[in-house]
Amino acid sequence: MKQVFKEVKVAFGLLKMIHSLDQNIIPIYLMAAVMKASEPFVTIIGSSYIIDSLLNEQWRQAMVQTSVMILTVTVVGVLSSYLQKILEGKSMTINRLCNSKILLKAISLDYATFEDKKNLEEFQAADYNVSRNGGFGMYMLSFFNFLTGIIGFFVSLGVILELCVKEVKAEGILGIVVSTTGSFILVGFLIIILIILYARLSLSMKEKNVKMYYELMDVNQKTEYLSRNLPLDMNIAKEIRLYGMKDMIYSEWKKLSIEIYAFYQKYWNSERRFLVFTSMLSDVALLLGYLFVVVKTYVGAVSIGFFTKYVGAIKTMNSSLRATIESLNQILLYQSYLSFYTTFLEKENKLDTGSLPVEKRKDNEYEFEFHNVSFRYPGSEEETLKNVSLKLDLKKRFAVVGRNGAGKTTFVKLLCRMYDVTEGSITLNGVDIRKYDYKEYLNLFAAVFQDFSLFSIPVKDNIACNGNADETKVWKSLESAGIKERIDKMPKKLDNLLYHEMGDGEDVSGGEAQKIAIARALYKDAPFVILDEPTAALDPISEYEIYSRFDGMVRDKTSIYISHRMSSCRFCDDILVFDKGMLIQRGNHDDLIKEHGKVYERLWHAQAKYYADPVMEEEYTL
């Protein structure tokens, strides 16, 4: 019983959400179900009157009854078709709106919540179930079939109960069968048996479907990756061809396809058995129902014309009952699919914890301090940062250096509040950053991460990121980043698409893409600028040009540079050296280079030997 209440609550929640998206759709489904359920009864009841009129040689009455029946069938049929056409469009709209909710939720979640593996899997499952398993469109179709079936069942039941009260005197067992009490007992017993058997068979089939779905979900995601995502991903197209991976990929896809086919083979076998059993049950039920009507007719309780009426009602009741139970199980099945959707929509941002407004200062004087900060990534027992304490002075240029895995990028992610610290705290102007409004806090930062992304949208929208670009400001940012001339040569300039996913765009090189990403950070004009490997894809000359301009770009801002190219350190006022998650050195280049044998000096001299030309080295390092 608890499970029943749970399913009813889920159904109510889904219908409430659908109603919020379109207030007309549920009433229209109800009207369409009434029209659809009424169609067979117009013919069943009309035919019975026509047959009796013909048997009694009442020709004129028969003609009138036939005309009325044809007109009624036409009107009901047209209305039913019209309503179903409306519902087709509305169902597509509902699915589209639900897809938009998934998209909006996914891009609204904070980074820490979204990056969590479990949440990513739930997002993929939610998206898959709405787009591939029919989503709310199929759920509402099942709901429509359920309403149609239950209306048809109760109307049929009413007609059959009318037959039960038609009583004539008869002797012996026949008299008991045709009596009102005996008729009610027989019909009630038959309906209860049918409900139990149809319900058990349908529930068993539904459980098998759910089990197969969960077993197939992982395989389907892998197949989706191999057959759709991987072949179209230009980032890995070179590796596939260069390393001859075609046979390996095809072999893996073929193995997964065979596995999926085996799953479906089991499902098809179960489906065939289900259809055989339900068909046999339906035939037995119809036979018993027909015998009951024959007996009633034999003893003179009903006329020949009304014989057809009650036979039709029994047939409709049987099919409606079967449809009701099957559609109810379909509803439960789709509710189990859509649970991924509702669960994902209920996700709450982990980092949306504060409400204090961030003070908007024209002088950009924001002071950050790390207080004994340690951090572990979700699901990891190893600390990426350990007991880091430091203060970031105002309007300085900081370099963060260290070996791979030293914690440099993690340090920046915590500062930008991509994650919350595991231990300790970070303060902004003396206030714990967790107390600030999350969106306002993010507006303090403009960052170019080493795994930055550009989008297949116009250049100006890649820069402004808000669909309302200030073109003068965009051009200025592009010029500062050293990419203005390249954009100016594009056919549509700032309106030119990048890449080809959204239309006929233009490809850019890795270095050009990095310059565009830097221009985006400059356009935001945030008080705090973070560049994580900002020139990794640039040649030394382009890197020199970028750093030459940066002094003017970030003069009134606090800036942090993470780079494996140690030459960038000469450009900065303060250098933070990380190793194994700890801050082990701090100072300017001239001071740190004198600390012989320590990490900074070793990193510097390890790279210095690659700059063999003294003139180039002197110019390059400013």
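Visitor: What pLDDT do local features need?
Guide: Residues are numbered from 1 along each chain as its sequence is written, and side-chain values use heavy atoms, with hydrogens and water left out. This is a predicted model: totals for chains, interfaces and linings use all residues, side-chain atom pairs count only at pLDDT 80 or more, and local features need pLDDT of at least 70.

Visitor: How do β7 and β8 run, parallel or antiparallel?
Guide: β7 covers residues 528-532, and β8 covers residues 558-562. Five bridges join them, and the two run parallel.

Visitor: Which are the edge strands of the open sheet?
Guide: The open sheet has six strands in the order β6-β7-β8-β3-β9-β10, and its pairing is mixed. An edge strand pairs on one side only.

Visitor: Which residue in β4 is the bridge partner of His-371?
Guide: Elsewhere, β1 is joined to β2 (residues 385-392) by five bridges, and they run antiparallel. Five bridges also join β1 to β4 (residues 423-428), again antiparallel. In β4, His-371 has as its partner Ser-425.

Visitor: Are α2 and α11 roughly parallel or roughly antiparallel to each other?
Guide: The axes of α2 (residues 25-55) and α11 (residues 304-345) come within 7 Å and cross at roughly 165°. Under 35 degrees counts as roughly parallel, 65 to 115 as roughly perpendicular, over 145 as roughly antiparallel, and the rest as oblique. So α2 and α11 are roughly antiparallel.

Visitor: How many residues of the contact of α2 with α11 are nonpolar?
Guide: Contact means heavy atoms within 4.5 Å, and among the residues that meet are Phe-41 in α2 and Phe-306 in α11. Ala, Val, Leu, Ile, Met, Phe, Trp, Tyr, Cys and Pro count as nonpolar, Asp, Glu, Lys and Arg as charged, and the others, Gly among them, as polar. In this contact five are polar and two charged, while the nonpolar residues number 10.

Visitor: In which crossing does α2 pass α3, left-handed or right-handed?
Guide: α2 and α3 (residues 59-108) pack at about 160°, with axes 8 Å apart. A crossing is right-handed if the near helix is turned clockwise from the far one by less than a right angle, and left-handed if anticlockwise. For α2 and α3, the crossing is left-handed.

Visitor: Which residue meets Asp-495 in a salt bridge?
Guide: A salt bridge is a side-chain nitrogen of Lys or Arg within 4 Å of a carboxyl oxygen of Asp or Glu, and the structure holds 19. Asp-495 lies in the loop between α16 and α17, and its partner sits in α14, 35 residues apart. At 2.9 Å, N to O, the partner is Lys-460.

Definitions and conventions
Axes are lines fitted to C-alpha atoms, for helices over the stretch in contact, and angles run from 0 to 180 degrees between N-to-C directions. Helices (H or I, at least four residues) and strands (E, at least two) are DSSP runs, numbered from the N terminus. Two strands pair if DSSP finds at least two bridges between them.
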